[in-house]
Amino acid sequence: MVTSMPKPAPTSRPTLELSGVGVHYGRGAQAVPALSGITTPAFRGGEVVAVIGPNGAGKSTLFRRIAGLLGGPGAVRVNGSEERPARRPCYLPQDTAVAAVLTVYESVLLARKQERRGAWAVEDADLAIVDAALDDLGIEDLAFRNLAELSGGQRQLVSIAQMLVREPQILLLDEPTSALDLHRQIEVLTLVRRLAQERNICVLLAVHDLNQALRVADRVLVIAGGRLVAVGAPEAVITPALLEDVYGVRARVESGGADGIPYVIVEGSARGAGAPVPAGVPFLRAAE
Amino acid sequence: MTGAALTAVRDPRTALPPNSKRAEYRALARRKLALLAGLAVLLVASFLVDLMTGPARYAVSEVVRALAAPDSVPAALRVVIWEIRLPVALMAIAVGAALAVAGAQMQTILNNPLASPFTLGISAAASFGAALALVLGVAIVPAALDYMVPLNAFLAAASAALLIHTLSQRRGVSTETVVLLGIALVFTFNALLSLLQFVASEQALGAVVFWTMGSLTKTTWPKLAVTAAVLAVCLPLFMCRAWALTALRLGEDKAASFGIDVRRLRLETMLLVSLLAAVPVSFVGTIGFIGLVGPHIARMLIGEDQRFFLPASALAGAALLSASSVVSKSLIPGLTFPISIVTALIGVPFFFSLILSTTRRWRSW
């Protein structure tokens, strides 16, 4: 399992810090800010930060900005420096269908070789890392299946494997579990949590499911309308007041289930009976 | 030798458990190399048959001797092989490879299986440029008479390719739109070509029709050298970007997240593709189908790891055109058919049988 993968050389704990980060779409007078003034404390290696917010809040935009795919005002500091880091943050985009005639194994190897700006030759060390990543995610049986044949959930697991082989210091996962069944969701998030700790990775995780955020995250970052709403410990941030503000739902936060982790019960829309349920609340349960 | 003996001599440091995925990957890579070698053998065979075929038929041994030791064979054989057949046979290989690689990379960067120099209007533009010279005697830039037609064709084809590229760079233009634009270009240039044919003299009309059918028979060593040089420049440049180009097929977002400058990669690729598509067309006329089918055959045989896919496309395209050259000379003795008729007629059934017989595994488009 995880221990089979060679540990990266011990480095200083990676950090990620945002200060006044924004993104504008369009140019000049018509520029529309998609994201503005996001300032956070430093996130550290080993930490999982859940990024939550309604659809269109700017979660993906924030990730793309941190990964350096979008420019904009403000500073993204990796390991205390604004300069483009040697190992850029690994961004896993939301799942899309792929028509490439490539096997799973080849696509994961590709991620490894591209990260290393590799020559054509494939070293045994590269293959060992690919083997380990597939093994970690329990998809070694899919190794020689074609990407186009995979289900959405299998594709997500392959995508995560593609991130792992790049040995990231900072990992940005954009809804990595959206196509997985409940069991696999928990499995994958537990794995992410463990990898973060074992390999000293700073993980930012966009999720819709607040209970997942409570379960897996050390800190929660809430954005809505392109602005930072709150950042802090999950129990401190995810409160009924915040859920009403951000999602427009009435909800209770119960302090501690069987395993002591708080959980959210959504009771209905806060915008009056019959009002449309805001998108982005997956585990909506009507109050009885 | 028994299996146990084989295992015994294996270096323990590199020995792999028999069911390891690593070993399976190595086997897959070896299989792909073997397929490449097989394609190369086919190509060499077709090349030799191409040299043997013509009004005078020669045996393999004669051809090989004429190639290896030109001074040891009769003058007639030497002249036929070296002056007449060799440039044409090599041109078939160079043009086939160039068109197939151009098609492969168009399909890669536009993420569309229909992309090829022919379907995106680059060949149609070349025909129009050539017709301008043949019918009206108009040279887009002044050139020696001998090179007026190819130069016109090249400039028209390159402009079409750049137009496609410029449009594809605009915000909000999807790759589907680009393919539609290409098809619109095909119709536009075909209409302009018809217009020129309508006003052309009978003699010029004949020349235009012959040119648009595509023919290798007017190959000269300098034309071959230019085509081969373009191929020799473009192929290594693509091969250097093999991982990045493969990653592009995982989706633009993911390629970008791998640290690839997608816009720049697309631009560079499109420029090289314009060159690869325009140069052969300007020398030999429009040859359809190779640019579309060559890469599809390669993809079905070998997948899209560009380290294997690119050479496979080049070999498949070259072998197809070389085989077409043989057929174009053999249908009616003494008569050489325009090669683009043959590429379509032998290519289509072959392609159909390939598509219908392969398993779903290699048919994901």
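User: Hi! What radius of gyration does chain B have, and what would a compact globule have?

Analyst: Hello! In this predicted model, chain B has a radius of gyration of 22 Å. A compact globule with 365 residues would have one near 21 Å, so the value for chain B agrees with that.

User: And how far does chain B span along its principal axes?

Analyst: The C-alpha trace of chain B spans about 75 × 65 × 35 Å along those axes.

User: How many helices and strands are in there?

Analyst: Chain B has 15 helices and zero strands.

User: OK, helices then. At what angle do H4 and H14 of chain B pack?

Analyst: Helix H4 (residues 75-110) and helix H14 (residues 306-330) of chain B pack at about 135°, and their axes are 7 Å apart. H4(B) and H14(B) are therefore described as oblique to each other.

User: Is that crossing left-handed or right-handed?

Analyst: The crossing of H4(B) and H14(B) is right-handed.

User: Which residues meet there?

Analyst: From H4(B) the list includes Val88(B), Ala92(B), Gly96(B), Leu99(B) and Ala104(B). On the H14(B) side, Phe309(B), Ser313(B), Gly317(B), Leu321(B) and Ser325(B) are among them. By class, the contact of H4(B) with H14(B) has 17 nonpolar, five polar and no charged residues.

User: What about H3 and H4 of chain B, how do they cross?

Analyst: Helix H3 (residues 60-68) of chain B and H4(B) cross at roughly 80°, with axes that come within 10 Å. That is why H3(B) and H4(B) count as roughly perpendicular to each other.

User: Who meets whom in that one?

Analyst: Glu62(B), Val63(B), Ala66(B) and Leu67(B) of H3(B) meet Leu77(B), Arg78(B) and Ile81(B) of H4(B). The residues of this contact of H3(B) with H4(B) divide into five nonpolar, no polar and two charged.

User: Switching topic: how many residues does each chain put into the contact between A and B?

Analyst: Chain B puts in 29 residues and chain A puts in 33 residues.

User: Which elements of chain B give two or more residues to that side?

Analyst: Those are helix H2 (21-52), helix H10 (242-248) and helix H11 (252-257) of chain B. H10(B) gives the most, with five residues.

User: Let's look at chain A. What's the strand order in the sheet of six strands?

Analyst: The order is E7-E8-E9-E5-E10-E11 in chain A, in an open sheet with mixed pairing. Strand E7 (90-92) and strand E11 (227-232) of chain A are at the edges with a single partner strand each, so one side of each has no neighbour in the sheet. On average, neighbouring strands of this sheet are turned by 15° against each other, direction ignored.

User: How do E10 and E11 of chain A pair?

Analyst: Strand E10 (residues 219-224) of chain A pairs with E11(A) in the antiparallel sense, over five bridges. Val220(A), for instance, stands opposite Gly232(A) in E11(A).

User: And which strands form the sheet of three?

Analyst: That open sheet runs E4-E1-E6 in chain A, with antiparallel pairing. Strand E4 (43-44) and strand E6 (75-78) of chain A stand at its edges, and each has a single partner strand, so one side of each is left without a neighbour in the sheet.

User: How many bridges join E1 to E6?

Analyst: Four bridges join strand E1 (residues 15-19) of chain A to E6(A). Across this pair, Ser19(A) stands opposite Ala75(A) in E6(A).

Definitions and conventions: Residues are numbered from 1 along each chain as its sequence is written. Chains are lettered from A and ligands numbered from 1 in the order in which they are written. This is a predicted model: local features need pLDDT of at least 70, side-chain atom pairs count only at pLDDT 80 or more; totals for chains, interfaces and linings use all residues. Axes are lines fitted to C-alpha atoms, for helices over the stretch in contact, and angles run from 0 to 180 degrees between N-to-C directions. Angles under 35 degrees count as roughly parallel, over 145 as roughly antiparallel, 65 to 115 as roughly perpendicular and the rest as oblique. A crossing is left-handed if the near helix is turned anticlockwise from the far one by less than a right angle, and right-handed if clockwise. Two residues are in contact if their C-beta atoms, placed from the backbone, lie within 7 Å. Ala, Val, Leu, Ile, Met, Phe, Trp, Tyr, Cys and Pro count as nonpolar, Asp, Glu, Lys and Arg as charged, and the others, Gly among them, as polar. Two strands pair if DSSP finds at least two bridges between them. The radius of gyration is taken over C-alpha atoms; the globule rule is 2.2 Å times the number of residues to the power 0.38.
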